[in-house]
Amino acid sequence: TVVAGKGTLTVMGQTVNVDTTTIFKSKVSTITSMEMITAGNIVEVSGYTAGDGTIYATRVEVKKLAMEADDEIELKGVITDLDSTAKTFKIGMQLIDYSTAKLDDIPNGMLANDMYVEVKSKQMLTGMVLIASKVELDGDGKKGVDVSVGEELELEGIVTSDASLPAEFTLNDQVVVLSATTKYEHGALASIKTGVKLEVKGTMNAEHKLVAEKVKLREEGDIEIKALVGAVDVNASTVTVLGQVIHVNSLTALEDDEDDIRYFSLKDIAIYDTVKIEAYKDATSGDLIATKFKRESRGGDSDDSKLEGTVDSINGLLIVIAGVSVDLTNVDLTKFGGVAPVVGTKVKVSGTFANNTLTASKIETDD
C-alpha cells in the first residue's frame, strides 16, 4: 500500500519500500502515480537490497498494465536456500525453480548459496514460484565492491540495519564498520537507521569491510523552488536558480520529466530549463544543498516561479527566503494582518523573477 508517495509494494516476493525521493516513471497513461499501481502491473524496480527480501527503491517504472506473450521478467539477487536436488533456490522471499533453466557463466555449471545472479523468466509466477528460463552470474557473483586492502573508497546507499557502537551495517551490499573516531555530517550515530540514505568515506580492511572515517547523512529539504535555470556549472555540480547557487551531490535524487533520461545528470541541464528543487541550507557552510532535483520542462519561456520556505528577514514589504528577495507590494496580505509575515513563518510564494527579486503575485502560509 502506498499513500502520499510512501509505503510498500510487493514485487516477485520482494518487499519494495518507496518514499517521496523514489523516482517514479510510467509508460502506462492510466497510471500516473505510485498509489495507482495494482496487482498484475509490470514494473521495473531499482534500489538497494537489505538481503532479506526487502528493497529500498530509488526508482520505480511501470512498464505495462499486464504481462503479454513473449515478455520476459528479471530478478537479481543473492542465492539462498539452494536445493540442488529439487533444483530450487530463493532470492529474498521468492522461490525460484531452475530445473529447466539455462545456466550462463556459472562457474563449473554449479550454483551456490551467496552467489549473486540474474534470473530471467518468460512466464508469470506459477503457484508463487518463478520458473526460470535462464540464470546467469551477475558481475563476479559476489556482494560488495571489488577494491584492494588499504584502498580508500566513497560509497553511497541506503542503510539496511540500525547502528550502535561497536557497529557494522550493510550499505549497497558492502559491510561498513563504525568506530569511536568516525565523524558524522548532518547527523550522529543514532541517525543511522534502516532506510536512511547516506554516504560513507573510508578504507577497506583485510576482512573486506569498509572502515568508516566519515559518514554523511542526507537531510530533509525544507526549501522548495520551481523556476527557470539561470546558470549551470557541471564541474562545480551547481545550478543557479532565483539567483541562488544550488549544490547537487551524490545524495541528491535526480529526475527528468522532459526527455525521460534514465541516467540524468547536470550535464543534461541547460539555461532556461524549468526545474523543481527540494533543498536545505547547510548549517556549516551556508550552502543550499539539493535533496531532490527534477527537470520539469526544457527551454521554458515563462518565468512563473514558486518558492517555499521560512522567512529569514523583513524590510517593509521586502522579505528574504532562502537568500531570495521577495517583493510583496502587489499581494493581498490580509491573512497576515496587512503586513509582511514575521520572521520564522513558513510560506509559499508565486511570482516572477527579475533583477534579483521575486515579485510576488500570491503568498500563503504553508500548513
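V343 sits in the loop between strand 28 (324-327) and strand 29 (346-354). With I314 and V342, V343 forms a nonpolar surface patch of about 260 Å² of accessible area together. The model is predicted: local features need pLDDT of at least 70, side-chain atom pairs count only at pLDDT 80 or more, and totals for chains, interfaces and linings use all residues. Residues are numbered from 1 along each chain as its sequence is written, and side-chain values use heavy atoms, with hydrogens and water left out.

**Patch and strand terms**

- Patches are made of residues with over 30% relative accessible area and no salt bridge; like charges are joined within 9 Å, and nonpolar side chains (Val, Leu, Ile, Met, Phe, Trp, Tyr) within 5 Å.
- Accessible areas come from the Shrake-Rupley method with a 1.4 Å probe, and for residues only the protein chains shown count as cover.
- Strands (E, at least two residues) and helices (H or I, at least four) are DSSP runs, numbered from the N terminus.

**Salt bridges**

- A salt bridge is a side-chain nitrogen of Lys or Arg within 4 Å of a carboxyl oxygen of Asp or Glu.
- By this rule the count is 17 salt bridges.
- K76 and D138 pair through their side chains, at 3.2 Å from N to O.
- K76 lies in strand 7 (residues 73-83) and D138 in the loop between strand 13 (134-137) and strand 14 (152-158), so this pair ties together parts that are 62 residues apart in sequence.
- K76 is partly exposed at 46% relative accessible area, and D138 is partly exposed at 21%.
- For burial, the cut-offs are under 20% relative accessible area for buried, over 50% for exposed, and partly exposed in between (1.4 Å probe, protein chains only).
- E296 and K226 also meet in a salt bridge, at 3.2 Å from N to O.
- E296 belongs to strand 25 and K226 to strand 20 (residues 223-233), so the pair ties together parts that are 70 residues apart in sequence.
- Relative accessible area is 23% for E296, which is partly exposed, and 28% for K226, also partly exposed.
- R295 forms a salt bridge with D256, with the closest N and O atoms 2.9 Å apart.
- That pair links distant parts of the chain, 39 residues apart: R295 is in strand 25 and D256 in strand 23 (residues 253-256).
- Both R295 and D256 are buried.

**Cavity**

- A search of the whole structure finds one cavity of 30 Å³ or more.
- On a 1 Å grid over the protein atoms alone, a cavity is a set of points where a 1.4 Å probe fits but cannot get out; lining residues have an atom within 4 Å of a point.
- The largest cavity has a volume of about 30 Å³, where volume is the space filled by probe spheres set on the points, and grid points are joined across faces, edges and corners.
- Its lining consists of R218, E219, N249, L251, Y280, I289, A290 and T291.
- Strand 25 (residues 288-297) gives the most to this lining, with three residues.
- The lining divides into four nonpolar, two polar and two charged residues.
- Here Ala, Val, Leu, Ile, Met, Phe, Trp, Tyr, Cys and Pro count as nonpolar, Asp, Glu, Lys and Arg as charged, and the others, Gly among them, as polar.

**Second largest pocket**

- A pocket is an open set of grid points with protein on both sides within 12 Å along at least five of seven lines.
- The second largest pocket holds about 720 Å³ of space.
- It is lined by 32 residues, and D19, T20, T21, T22 and K292 are the closest to its centre.
- Strand 4 (23-26), strand 24 (274-281) and strand 25 each supply at least two lining residues.
- By class, this lining has six nonpolar, twelve polar and 14 charged residues.

**Backbone and contacts**

- Most residues other than glycine have a negative phi.
- N108 is not a glycine, yet has a positive phi of about 60°.
- N108 lies in the loop between strand 10 (102-104) and strand 11 (116-121), and is exposed at 79% relative accessibility.
- L242, also not a glycine, has a positive phi of about 55°.
- L242 lies in the loop between strand 21 (238-241) and strand 22 (244-247), and is buried at 5% relative accessible area.
- Y184, in strand 17 (residues 183-185), is partly exposed at 25% relative accessible area.
- Y184 and A212 are 28 residues apart in sequence and 9.8 Å apart in space, C-alpha to C-alpha.
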